[in-house]
Amino acid sequence: MTPDQYCQNKAAASGSSFYYSFLFLPPPRRRAIVALYAFCREVDDVVDEVSDPQVASAKLAWWRREITQVFAGQPSHPVALALQGVVREFDLPEAHFQTIIDGMAMDLSQQRCLDFPALELYCHRVAGVVGLMSAEIFGYVDPATRGYARDLGIAFQLTNIIRDVGEDARRGRIYLPQDELQRFGVPPSALLRGVYSAEFRHLMRFQTERAQAWYDRAFAQLPAQDRKAQRTGLIMAAIYRTLLDEIAGDGYKVLDRRTSLTPLRKLWLAWRTWRSA
């Protein structure tokens, strides 16, 4: 198996909505974004699948060294090998990869976010920076596109957090800001026990409206001349905003289930957005 095939399998196996947006890219850019996505999956899996925090920290430390080796020309992991050409071709900085690992490390040291600024920092590290690198891979002319890409990444992460409230709580993590839980009268124990209430629905409506506002904020920064090049991000946004609509339409039932769209629907949204963007 080649490094590119390894990354392709990693991306396809995840079942992520992002994968559907990659299908429409020309091969060089598709290989690059799949390699970047595979890296994100690798470090995210360390946090989600390794139960011992010390072991997980050691694995993230290994990835820090491996990323340094990518830029030194001596990587060993298949994903790192695939990234070696990508970082040169698209001029991706090592600091961005290290920032993503910083975000993953936050999951090992804290299980709660006190307020939205703390959550925004987390989202920037694990998703906003991914957006910045994705923009480089997709291509742009106007530097304002970088602001669009960073904020779109944050919008995606906020959507993930909304979708996964119950699943994350069962892992011991609550990303919804603690001051907002208190403001809406939702104790953390209610998330852990899967208790639905009017207060919880009001809290989730607030979270969803904020996520939608981040999508709007991102789109407002996308220059018209870069819209075609950035169609992959627009496809992701179409799928994720539809997911938000589904969650809201279902009464924010995110504590005991994981709302998702069918593969056929994702593909249809991807095709429609690609044609219209």
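These legends accompany several close-up views of a predicted model.

**View 1. Cysteines without a disulfide partner.**
Let's begin with the sulfur atoms. A disulfide is a covalent bond between the sulfur atoms of two cysteines. How many disulfides does a search of the whole structure find? The search finds zero. Cys40 is in no disulfide, and the nearest cysteine sulfur, which belongs to Cys7, is 11 Å away. Cys40 counts as buried because its relative accessibility is 11%, under the 20% limit for that label. For Cys113, the closest cysteine sulfur is in Cys123, at 7.6 Å, which is too far for a bond; the cut-off for a disulfide is 2.5 Å. Cys113 has a relative accessibility of 2%, so Cys113 is also classed as buried.

**View 2. A stacked pair of tyrosines, Tyr122 and Tyr175.**
A search of the whole structure finds 12 aromatic pairs, and this is one of them: the rings of Tyr122 and Tyr175 are stacked, with 5.1 Å from centre to centre and 25 degrees between the planes. Where do the two partners lie? Tyr122 sits in helix 7 (residues 116-138), while Tyr175 belongs to the loop between helix 9 (165-170) and helix 10 (178-184), so the pair ties together parts that are 53 residues apart in sequence. Both Tyr122 and Tyr175 are buried.

**View 3. An edge-to-face pair, Phe156 and Tyr240.**
Here the ring centres of Phe156 and Tyr240 are 5.2 Å apart, and 65 degrees separate the planes, giving an edge-to-face pair. Phe156 is part of helix 8 (residues 144-163) and Tyr240 is part of helix 13 (residues 231-249), so this contact ties together parts that are 84 residues apart in sequence. Are these two residues buried or exposed? Phe156 and Tyr240 are both buried.

**View 4. A cluster of aromatic rings.**
Which residues do ring pairs link into a cluster? The members are Phe39, Trp62, Trp63, Phe71 and Phe97.

**View 5. Arginines over aromatic faces.**
Two arginines are worth a look here. Arg183 lies over the face of Phe206, 5.3 Å from the ring centre. Arg231 takes up a place over the face of Trp274, at 3.5 Å from the ring centre.

**View 6. Ser51 in its loop.**
Ser51 is found in the loop between helix 3 (27-49) and helix 4 (53-72). Is Ser51 buried or exposed? With a relative accessibility of 76%, Ser51 counts as exposed. The view also takes in Arg171: this residue and Ser51 are 120 residues apart along the chain, yet their C-alpha atoms are separated by 9.8 Å.

**View 7. Helix 3 packing with helix 5.**
The axes of helix 3 and helix 5 (residues 78-89) are 9 Å apart, and the two helices pack at an angle of about 130 degrees. That angle makes helix 3 oblique to helix 5. As for handedness, helix 3 passes helix 5 in a left-handed crossing.

**View 8. Helix 8 crossing helix 12.**
Helix 8 returns in this view, now with helix 12 (residues 198-220) as its partner: their axes come within 8 Å and cross at roughly 160 degrees. The two helices are therefore roughly antiparallel to each other, since angles over 145 degrees receive that label. The crossing of helix 8 and helix 12 is left-handed.

Terms used: Residues numbered from 1 in each chain as written. Predicted model: local features only at pLDDT ≥ 70, side-chain atom pairs only at ≥ 80, totals over all residues. Heavy atoms only, no water. Buried < 20%, exposed > 50% of the residue type's maximum accessible area, 1.4 Å probe, protein only. Phe/Tyr/Trp six-rings, centres within 6.5 Å; stacked < 30°, edge-to-face > 60°. Helix = DSSP H or I, 4+ residues; strand = E, 2+ residues; numbered from the N terminus. Lys NZ or Arg CZ within 6 Å of the ring centre and 35° of its normal. Axes fitted to C-alpha atoms, helices over the stretch in contact; angles between N-to-C directions. Parallel < 35°, antiparallel > 145°, perpendicular 65-115°, else oblique. Left-handed = near helix turned anticlockwise from the far one by under 90°.
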